[in-house]
Amino acid sequence: MPSLADIKRAGTTVRIACELQELKFRDAPYAEFVALISKAISYSVSSIVSQKNVLQNLNEDQLTAFVISPLKAMMFDIAHERNIGGKCDISIVGYSEYLWLAEAKIFSSYGKLLGGYRQLLRRYATGLPNQDRGAMLIYMYRSGKAKDRMAKWAKYLLQSEQDVTVAWESSRIEFTSSQDHSGSGLPFIANHIPVILYHVPTDTIKPPKRIG
Amino acid sequence: MIRSSKVLEADKIKRHIAERWKDDVAARVCNSIIDYIVSNPASRSRYLTYSALKRISRNVPAESDDVYRAAALLSSRFSVLFLHFSFIDDSGKEYPLEDDDAKLILLDGWMDHPETRQRITDIAEHLYPYYEGNKPVLMSSAGE
């Protein structure tokens, strides 16, 4: 008979599935559910970025399927395009009516990102307690530093939306926005996460000729 | 196989799992567990260890990880299985824990031995999950 420690040693996927059932067992608050999703999303994004060489030229739906797959194996009730006020890119339903939503966009312009953010906040989010967290996943194929692009996106968001605030994560590459939901008046908090897929290896370029 | 004219919660849950986790062997493990609980007296589902769950799903080519994941899904999302814990000490003696005690122990990360009162700090090494099947909810009519 395996102990709890034995099960958690089985690997990340099983460990997170096990933590998910512990949250339900303890009737843990929504914040802990969201924190576990963040951990799982980080794992999934890292996994995708490490395979970027074989993930070139995919569309948004195909990339989102790659994001979702590990979380499904962790037994999150996660869906692509579940109907929640419209077809939300990613939704996770948990115990106690917990809900977490995400919109995913391939970066092409800040205006397109703003459209996705507004869909997330104004179309899909219910604004209800325990359903007021989510994420913007930003797939970045184009050249350019993700850190600079995220800084510009945060600035654009602040200029475009009246009552939004942003706070940077310690990594300085992700940030969190908070904006009141137009229906409930409660803040909806979204993590803005870059998925860096730019892949043009330069290590095979010939070195300069030897001088002298 | 569940035969009934009315749609049972068991059918609804199985359908949801099949849709969401198609191609995942853990979904087939879930089906076997649900069928077992539904087709046996409730008394036979009161103490289901991972070994028991693996026996129940012996017709599915599942690894231990698949059984862990299936049990996690059925207890975290659907309340088909109720999770409980036993404390087993170094001599192998088992002490079933009250759920409220286990919740505190999981949060604190330690407990005192029920008899010797010795402080146990590597608690995850001594906690053993087991499950109880929730036959009433599976046999109830599904609210479609």
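## Where the two chains meet

The contact takes 23 residues from chain A and 24 residues from chain B, two residues being in contact if their C-beta atoms, placed from the backbone, lie within 7 Å. On the side of chain B that touches chain A, at least two residues come from each of helix 3 (50–56), helix 4 (64–76), helix 5 (99–108) and strand 5 (127–133) of chain B. Helices (H or I, at least four residues) and strands (E, at least two) are DSSP runs, numbered from the N terminus. Helix 4 of chain B gives the most to this side, with 7 residues.

## About the model

This is a predicted model, in which local features need pLDDT of at least 70 and side-chain atom pairs count only at pLDDT 80 or more, while totals for chains, interfaces and linings use all residues. Residues are numbered from 1 along each chain as its sequence is written, with chains lettered from A and ligands numbered from 1 in the order in which they are written.

## The sheet of chain A

Now to chain A, where 7 strands form an open sheet in the order 1-2-3-4-7-6-5, with mixed pairing; two strands pair if DSSP finds at least two bridges between them. Strand 1 (77–83) and strand 5 (165–168) of chain A are the edge strands, each pairing on one side only.

Strand 2 (residues 87–93) and strand 3 (residues 99–106) of chain A run antiparallel, joined by 4 bridges. Val93(A) has Leu99(A), in strand 3 of chain A, as its bridge partner.

## A helix on the sheet

Helix 5 (residues 110–124) of chain A packs on the sheet, touching strands including strand 2 and strand 3 of chain A.

Terms used
Axes are lines fitted to C-alpha atoms, for helices over the stretch in contact, and angles run from 0 to 180 degrees between N-to-C directions.
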